[in-house]
Amino acid sequence: MKFLNEIGRYFIFMGKVISRPEKNIVYYRQVFREIESLGINSIGIVIIISIFMGAVITLQTRYNTESPFIPMYIIGLTARDSMLLEFSSTIVGLILAGKVGSNIASE
């Protein structure tokens, strides 16, 4: 009989965990807190890592294209195009996955 009592208490507890709060404003407030915490507060780290990646790509492009026939402005165009077209979405996704995952795990 005690076993059935414990199972009943467990299902009552799970019902309270899954049930909705009394007011919907609780959901909205928590959603906006999470957006700020996970999204907006991640902009700084993304900017810092993107600046350093751009610098590294520019240096590597410069050292790999040492030719008198290639104008210097081509290095900047190449670095810009490679950052915007190829690296931006992938690297930002990886950075955000790491930061957001660590924030969620630490909470």
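Is Thr61 buried or exposed, and with what relative accessible area? The views below answer this for a predicted model, in which local features need pLDDT of at least 70, side-chain atom pairs count only at pLDDT 80 or more, and totals for chains, interfaces and linings use all residues. Residues are numbered from 1 along each chain as its sequence is written, and side-chain values use heavy atoms, with hydrogens and water left out.

**View 1. Thr61 in helix H3.** Thr61 is buried, at 15% relative accessible area. Buried means under 20%, exposed over 50%, partly exposed in between (1.4 Å probe, protein chains only). Beyond its neighbours within four places in sequence, Thr61 contacts Ile75 and Thr78 (heavy atoms within 4.5 Å).

View 2. Helices are DSSP runs (H or I, at least four residues), numbered from the N terminus. Val46, Gly54, Ile57 and Thr61 are buried. Down the axis of H3, the buried residues fall within an arc of 70°, so they line one face. The arc is taken from the directions from the helix axis to the C-beta atoms. Their cover includes helix H4 (73-106). On the other side of H3, Ile51, Phe52 and Tyr63 are exposed.

**View 3. A nonpolar surface patch of about 980 Å².** Its residues include Ile25, Phe32, Ile40 and Ile51. H2 gives the largest share, six residues. Ile40 sits in the loop between H2 and H3.

Technical notes. Helix = DSSP H or I, 4+ residues; strand = E, 2+ residues; numbered from the N terminus. Patch = residues over 30% accessible without salt bridge, like charges linked within 9 Å, V, L, I, M, F, W, Y side chains within 5 Å. Areas by Shrake-Rupley, 256 points an atom, 1.4 Å probe, with all protein chains shown as cover. Salt bridge = Lys/Arg side-chain N within 4 Å of Asp/Glu carboxyl O.
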